[in-house]
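Could you walk me through this model in my viewer, one selection at a time? I would like to know what to pick next and what sits there.

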Amino acid sequence: MDPKRELTSVDLAALVRELGGYEGAKVDKVYLYGDDLVRLKMRDFERGRVELLLEVGEIKRAHIVAPERVPDAPGRPPQFAKMLRNRLSGADFAGVEQFEFDRILEFVFEREDATTRIIVELFGQGNVAVTDAEYEVVDCLETVRLKSRTVAPGSRYEFPDSRLNPLSVSRERFDREMDASDTDVVRTLATQLNFGGLYAEELCTRAGVEKALDIADAGEAEYERLYGAVERLAIDLRTGAFDPRVYVEPADDGDADDEETGATGRVVDATPFPLDEHEAADLEPEVYEDFTEALDEYFFRLDVADDEPDPGSQRPDFEERIAKHERIIEQQRGAIEGFEEEAERERERAELLYANYGLVDEILSTVRGARERDRPWDEIAARFEEGAEREIAAAEAVVDVDGEAGTVTVEVDGERIPLDARHGVEKNADRLYTEAKRIESKKEGALAAIEDTREELAELERRREEWEAGADGGEAADAADADERADRDWLAMRSVPIRENEPWYDRFRWFHTSDDFLVIGGRNADQNEELVKKYLEPGDRVFHTQAHGGPVTVLKATDPSEASSSDIEIPETSVEEAAQFAVSYASVWKDGRYAGDVYEVDAGQVSKTPESGEYLEKGGFAIRGDRTYHRDTPVGVAVGIQCEPWTRVIGGPPSAIDGPAVTTIEVEPGRYAQGDVAKRIYREFRERFADESFVRKIASPDRIQHFLPPGGSRINGD
């Protein structure tokens, strides 16, 4: 029997009952591990430290964990964790509910200034959505945009369509659902009544009804016994009459005891009640006082088992790798479906603008006229509210006025559409059509990626067949496959798979040094300010040109997922590359010079507090202490295309870009405008790659220009 990796609806119903006992605990801190595990560290008056884990990846679970078993803190928190800390620090845990009988938990936290809901989706690809008291999404781990529902920042959280809750179903409804089936009893309980396979079988066993009995042959007596078994299960869940178990496969005679847990065999399930089905399968039960304690023990031992290699076989785990590729294909199909639906939605919104042209034009004309008369945005919003009270159609359609963004959101035919108030109906509709095209281009990339994954899957299946047919050299095939990936000729490939990501630092200037240290620089005074205030950590180095008008350049000592440290030794090559980056994106390049002076200081020497009697302009900062100078640092920038692990444009010092890029083009100060040079580089890249569409999708002139220094440039050798 395969171990359970996802909690069932029955598990969650029991879990909600037990977690209710932790109401009133205060949140101390929140952590995010990877992109699927959230940890809430809380304090309870009676129990002391309480650790709650919420995991929505391949393992889907939510339960209290013993403090000694929590993973080490991941270092500097990502943005999602920072947002949760800001909202939850000092908040009280006010309760948790299960949505209907679905695998969705809603945790509620209350603080004087706000109520926060954390909605954990433990089905499908999994998700964690954070909303306010009115269910407006603040942020979520995964954005969902489907015809059936939307989960995205700024939108109202939409639960999936609710299914029948078998724990509260009436006898009449129970009979109707059973009668409507055209299969056997156990499948009907699993699907029509939503119990899933395990508990459908358990209910049949408890009721003394043959699982394979056809519904057409089931009568009043069978229905009566089955409904009675459902009622008893529901009562036990409502009253908390639990008797938790962890079920373990009997150990083989040759197996040694697990030194860490003292247990033998492999864990396969944790349940809130003893299950006749498991005992009939000769699984060994271990009794626990609390269900959440049983879950903690179960998932801890499952994690230990997953980490242990199988000492009895040298056979590659083809099944796991094949299953992983099949899961990836399924996820890619879902992404393609999502892109299609999202693009169609943007087109429909554009068409709605034209269908309501007169109404929308009146709204936009009113706003533009008011702004031309210097009317403030809050006055414009107030006028629309007054008009809505007088039932003026155009005013009633306005649901939001955002002066900071310069937008007006209208609702037409039930669809909310933000409009740029500076433009008319045509330009706003064109923007939506353009967005639809952009989304469809992502679909093309996903189609290429799915084809690549299918090829890898076919290769795995071929190698498995060779192994099972007795062909030798299995390990050699693995090594050859790795060598093939390393030596792949990306320029000659007819179809390059697209793998995109959007790192947190993408809006800044950035590159990774030859030693893989991250360097980031500001594009303007606002970003310079932000870098110093938010992203400067102990151990980081700061670079700036001696000449005025350069970006703040930060050489990060640690990755965002690591704890900051002032003891990390940064190689000289990284320091030199960071200095070259600082001088290349400064006024030195714009002035047409080929070298300039750069100074370097530690993070602790940088302050936003000016000396007494002095003033710091936006983006400026004060330096205290000695500076290390890098005299006559040469400028130098290369732009390249990276294909692994991500497909993207990269740019920075040539020595740092040459390694990760499959092809590069160097530039130097010159007389050609940024946009013109970017177009020339783009055309050159298209000529170098056999897959021209790949360059068009990931290396547009706009993306290339993102990495070019300000001022004039030319391609080296021109």
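A salt bridge is a side-chain nitrogen of Lys or Arg within 4 Å of a carboxyl oxygen of Asp or Glu.

**Stop 1: colour by confidence**

Start with the whole chain coloured by pLDDT. The mean for the protein is 84, and 89% of the residues reach 70 or more. Among the elements, strand S6 (residues 104-111) has the highest mean pLDDT, 96, while helix H14 (residues 474-486) has the lowest, 46. Now select residues 309-313: the pLDDT is below 50 here, and the stretch has zero contacts in the model beyond near neighbours in sequence. Residues 471-485 also fall below 50, but this stretch has 10 contacts beyond near neighbours in sequence. Where pLDDT is low, the predicted coordinates should not be read in detail.

**Stop 2: salt bridges**

How many salt bridges does a search of the whole structure find? The search gives 45. Side chains of opposite charge can pair when their charged atoms come close.

Select Glu220 and Arg171 to begin. Their side chains meet in a salt bridge, with 3.0 Å from N to O. This pair links distant parts of the chain: Glu220 belongs to helix H6 (residues 220-239) and Arg171 to helix H3 (residues 171-179), 49 residues apart. Are these two partners buried or exposed? Glu220 is exposed, because its relative accessible area is 53% and the cut-off for exposed is over 50%. Arg171, at 16%, is buried, because buried means under 20%.

Next, select Glu202 and Arg206, whose side chains form a salt bridge at 2.9 Å, N to O. Both are in helix H5 (residues 196-207); they are separated by about one helical turn because they lie four residues apart. Glu202 counts as buried, with 1% relative accessibility, whereas Arg206 is partly exposed at 31%.

Move on to Arg349 and Glu346. Their closest N and O atoms are 3.0 Å apart, in another salt bridge. The two residues lie in helix H9 (residues 318-355), three residues apart, which is about one turn of the helix. Both Arg349 and Glu346 are buried.

To finish this stop, select Arg69, Glu286, Asp296, Glu297 and Arg301 together: a network of salt bridges links them.

**Stop 3**

Go back to strand S6 and select Glu106, which lies in it. With 9% relative accessibility, Glu106 counts as buried. Which side chain does the side chain of Glu106 meet in a polar contact? The partner is the side chain of Arg117, at 2.7 Å. Leaving aside neighbours within four places in sequence, the contacts of Glu106 also include Gly95, Val96, Tyr135 and Phe159.

Stay in S6 and select Leu105. Leu105 is buried, with a relative accessible area of 0%.

**Stop 4**

To see the pairing, select Glu106 and its bridge partner in S7, Ile119.

Select Val120 and its bridge partner in S8, Val128. The hairpin of S7 and S8 has five residues between the strands, and here Gly124 takes a positive phi near 55°.

**Stop 5: cysteines**

Finally, select the cysteines. How many disulfides does the structure hold? The count is zero. Two cysteines to click on are Cys140, buried with a relative accessible area of 8%, and Cys643, buried with a relative accessible area of 0%.

Terms used: Residues are numbered from 1 along each chain as its sequence is written. This is a predicted model: local features need pLDDT of at least 70, side-chain atom pairs count only at pLDDT 80 or more; totals for chains, interfaces and linings use all residues. Side-chain values use heavy atoms; hydrogens and water are left out. Buried means under 20% relative accessible area, exposed over 50%, partly exposed in between (1.4 Å probe, protein chains only). pLDDT is the predictor's confidence in each residue, from 0 to 100. Contact means heavy atoms within 4.5 Å. A polar contact is a pair of N or O atoms within 3.5 Å; within protein, one must be able to donate a hydrogen and the other to accept it, and residues adjacent in sequence count only if both atoms are side-chain atoms. A disulfide is a pair of cysteine sulfur atoms within 2.5 Å. Two strands pair if DSSP finds at least two bridges between them.
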